[in-house]
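This briefing is meant to be read with the sequence and the coordinates open side by side.

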Amino acid sequence: MRTSGASMSLLSIRGIESGYGDMQVLHGIDLDVEPGEIVTIIGPNGAGKSTLMKTIFGLLKPTRGRIEFEGREITGLSADRVVRLGLAYVPQVENVFPSLTVRENLEMGAFIAARVPRERLDRIYELFPPLMTRKRMRVGRMSGGERQMVAMGRALVLDPRLLMLDEPSAALAPNLTATIFERILAINETGTAILIVEQNAKESLRLSHRGCVLAAGVKCFEDSGPAILANENIGRLYLGGE
Amino acid sequence: MEQLIGVVNYLVFFAISAGIYGVLSLGLNLQWGATGLFNIGIAGFYAVGAYTSALVCGLPPTAWDGRMVGGFELPFAVGLLAAALVSGALALVIGLPTLRLRADYLGIATIGIAETVRLILKNEAWLTNGVWGLQQIPSPLYSVIHRHTAAYITAHPGLPEWQRLLVSRAYNWFYLLLVAAVLIALYFVLKRLIRSPWGRVLRAIREDEDAAAMSGKNVFAFKLQSLVLGAMIMGIAGALYAHSARFISPASFEPLYGTFIVWVMLMVGGTGNNKGAMLGAFVVWGIWAATDFVTDYLPWTAPQVAALRIVAIGLLLEVVIVWRPKGILPEIGAKRRAL
Amino acid sequence: METLARIPQLLVYGLVSGSILSLGGIGVSLTYSILGFSNFAHGDVMALGAYLALAILPLVSAVGIGSGPLGSLSFGPDFVVALVLAAIGTCGVVLVLDRLLFRRLRGAGRITLMIATVGVALGLRNVIQFFWGPQPRYYSAKIQYATMIPGLGVKIKPDQVFIMAVAISLAVLLHLFLRYTKIGKAMRATADNASLARVTGINTERVVAWTWIIGVSLAAVAGILIGIENKFVTPELGWQMLLPIFAAVILGGFGNPYGAIVGGIVVGVSEEVSTAFISTAYKPAVAFLILILMLLVKPTGLLTRRS
């Protein structure tokens with residue numbers, strides 16, 4: 001349940017070090033996400049943004065550090081346990097089940113629940129109207145934009161308190177990017193906190209409460225979203241021009 | 001004293017078998033250890049080598065034979081060479097359709113070729129004498145040595161029993177030296193090959209095939225070379241077996257056991273390490289021989305005991321895979337991998 | 001001309017043996033697509049099912065379930081019960097094996113896993129030989145007479161009709177299961193993308209367990225059907241089945257259970273029809289030939305995966 005005005009962050013990351021085998025990618029990350037916030041993480045390639053996502057969600061085990069969600073420690077918990085606690089994750093690529101239909105993809109989002117919540121499905125179709133007419137279509141046959149909608153819809157079926165998106169606009173044409181971010185805003189308006197990783201992040205920072213810059217495995221800057229956008233240095237270094 | 005000589009003679013015999021398995025393991029080590037190829041049809045290449053050498057060196061068909069061809073009575077070295085070439089050719093036939101594909105495909109294709117080889121050996125009596133097998137396979141220098149040992153024994157009628165036992169089996173000592181010579185020669189040749197640029201490419205393919213392909217190497221050609229060369233080595237092992245056993249039949253080459261035990265040997269000894277391959281052969285063959293002795297004391301029937309011994313080897317494999325997949329000796333030249 | 005006249009009858013035999021191969025192939029395809037490796041112990045799992053049925057049968061009869069033949073079939077209700085129990089028993093054995101062995105190898109390389117399955121194959125086969133000996137064990141001593149199918153000019157035995165009926169029913173049940181049950185959809189999802197399945201919250205261990213249950217049950221039934229068809233089983237049965245089953249799976253497309261069904265029929269029919277032209281001893285070689293041909297021409301199989 002959402003605690004209003006509580007001093008406890010929704011997601012609290014302290015000193016996370018993580019990587020792949022012998023290669024350490026993250027060298028001590030601290031980050032907080034408050035309930036209902038949108039936080040965007042930006043940074044160059046190889047900075048560790050995706051690694052951080054995977055570590056939070058239990059796809060990678062951190063070598064050091066602590067992650068807490070709603071006050072409960074989730075460091076190193078496996079992905080299917082993390083899902084049960086109210087987090088959801090949309091990976092950057094291969095984020096749908098191509099041989100399943102739209103409806104089936106969404107149903108999988110509700111796997112841990114005893115029954116598929118019909119009301120939630122209806123809400124998701126409202127959020128992503130193109131899906132309503134394609135319920136029985138195999139997702140593998142759909143366009144990139146539609147797939148991204150299915151991917152996000154799947155993550156939202158059980159009404160998570162925190163939604164994590166890894167480069168949601170990466171595979172999309174520019175006109176679709178605006179739509180996706182508009183949808184992200186709509187999702188946030190229902191109270192879901194959103195943690196976004198983005199490389200080309202202008203759109204994302206514009207609607208974020210806070211943003212932070214990750215480079216070479218450390219957090220090197222943090223401010224409100226619009227402030228980062230206005231910051232010329234960061235703009236030059238990380239946002240690819242003005 | 002006689003008992004000691006009996007043991008010694010047995011050990012010589014044991015070492016010959018272990019050595020032949022060592023040759024097989026070296027061949028597998030080249031295919032799997034160095035290149036990552038999944039060959040579970042070893043018995044096919046082994047059998048083809050054995051039969052080729054037997055037919056090349058053996059006697060022509062007699063009236064009792066079902067055979068109609070073969071038996072050219074050529075020297076041992078020719079038989080060895082022929083065995084290598086025919087096994088290599090078989091590997092070529094299998095490798096061409098499968099090496100561009102996933103490992104599973106090579107696996108099932110090698111099972112298939114071993115099975116097909118066995119069917120041909122059993123059914124084409126005009127070539128192989130079918131289930132009755134090939135007899136009287138000549139062993140290199142056998143008549144020469146036998147003449148000398150027989151002469152020695154007749155010349156010394158008062159010879160102590162233990163000396164007689166020793167001398168009469170002297171040929172096996174020679175054969176052991178022969179097997180050892182082949183083993184050592186192969187070891188050094190493979191050592192040079194593995195350390196050469198060619199060998200490095202093989203290892204790169206094993207570690208990360210896509211990366212190797214992207215650096216411009218013709219991955220398919222390298223894999224084929226490794227498969228064929230490894231098969232040639234297995235063919236040589238087959239020839240060595242044929243000339244030591246002097247009788248072979250399709251039953252000597254049960255595909256599953258012949259193949260399987262070599263994999264256990266390599267995994268136990270140390271995948272990717274030639275010394276490990278040879279070590280594994282001796283260790284596992286030793287375990288196998290030991291189980292033969294133990295089973296005399298067990299209350300079960302012979303087929304049951306035979307089955308139990310194989311289950312034991314199977315268990316050994318699974319234990320190795322779970323707890324020490326790299327084997328006893330480490331892989332040579334293994335870099336610390338950053339995934 | 002006489003040879004060609006035999007072909008329609010051989011086609012019928014081919015359909016029967018093909019149905020059995022299909023059941024075996026489905027398990028291999030499922031294991032591959034969901035667990036990610038080829039299971040070379042699958043044939044010996046079939047053999048285990050066949051032998052367990054033989055062992056359970058006297059116990060079932062002792063409990064009092066009748067052994068009078070069902071209609072014109074060569075067995076009675078006790079056998080059917082034994083069949084079901086044997087399938088359950090075989091599942092139990094494989095689930096234990098998964099727990100003890102395969103679970104510890106979940107992250108291991110694919111080839112290591114496949115070698116482990118070869119070890120299991122060898123182990124199962126020899127455990128069978130330990131308990132039941134190397135000689136053939138008979139399912140039925142009676143000879144069943146084939147009856148003419150009206151209008152088609154070919155004969156078929158009641159047992160063979162039973163075999164095909166079982167195979168078809170199980171295939172249909174499987175389809176319904178994969179299409180409409182939650183765990184069936186989860187299995188398809190895991191086959192698509194195992195990592196995403198975990199992220200979605202799908203309990204992959206449960207999916208693995210169900211994959212084994214379904215694949216192994218079908219395999220056990222297939223093994224028992226072989227016993228009915230051939231009238232006897234030997235410990236060699238398992239390894240002998242591997243080649244035609246894998247040929248079927250590759251023909252239909254590795255990882256596609258529906259393809260395995262088609263592949264099974266094709267391989268079965270080809271093997272039987274080939275006996276009109278070449279010696280029966282070379283039947284496995286026919287499967288091998290189909291295998292090699294597929295690899296040369298279209299390694300992804302005739303039915304490529306739906307995605």
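What percentage of the 307 residues in chain C do buried residues make up? In this predicted model, the buried residues of chain C amount to 55% of its 307 residues.

**Chain C as a whole**

- Chain C contains 12 helices together with 4 strands, and its radius of gyration is 19 Å, close to the 19 Å that the globule rule gives for 307 residues, so chain C is as compact as a globular protein of that length.
- Taken along the principal axes, the box filled by the C-alpha atoms of chain C is roughly 60 × 50 × 35 Å.
- Of the contacts in chain C with a separation of 6 or more, 76% are between residues 24 or more positions apart.

**Where chain C touches chain A**

- In this pairing of chains, 15 residues of chain C are in contact with 21 residues of chain A, and helix H7 (182–192) and helix H8 (194–200) of chain C each supply at least two residues of the side of chain C that touches chain A.
- The largest share of that side, 5 residues, is provided by H7(C), and by residue class the side of chain C that touches chain A divides into 5 nonpolar, 5 polar and 5 charged residues.

**Where chain B touches chain C**

- Here 32 residues of chain B are in contact with 35 residues of chain C, with at least two residues of the side of chain B that touches chain C coming from each of helix H3 (76–98), helix H4 (103–123), helix H12 (255–269) and helix H14 (302–323) of chain B.
- H4(B) gives the most to that side, with 12 residues, while the residues of the side of chain B that touches chain C comprise 22 nonpolar, 7 polar and 3 charged.

**A sheet in chain A**

- Chain A has an open sheet of 4 strands in the order S2-S1-S4-S5, with antiparallel pairing; strand S2 (23–33) and strand S5 (72–73) of chain A stand at the edges, each with a single partner strand, so one side of each is left without a neighbour in the sheet.
- Strand S4 (residues 64–69) of chain A pairs with S5(A) in the antiparallel sense over 2 bridges, and Phe69(A) stands opposite Arg72(A) in S5(A).
- Helix H1 (residues 49–56) of chain A lies across strand S1 (11–20), S2 and S4 of chain A, and runs at about 70° to S2(A).

Notes
Residues numbered from 1 in each chain as written. Chains lettered and ligands numbered in written order. Predicted model: local features only at pLDDT ≥ 70, side-chain atom pairs only at ≥ 80, totals over all residues. Contact = placed C-beta atoms within 7 Å. Nonpolar A, V, L, I, M, F, W, Y, C, P; charged D, E, K, R; others polar. Pairing = 2+ DSSP bridges. Axes fitted to C-alpha atoms, helices over the stretch in contact; angles between N-to-C directions. Rg over C-alpha atoms; globule rule 2.2 N^0.38 Å. Buried ≥ 20, exposed ≤ 12 C-beta atoms within 10 Å, placed from the backbone.
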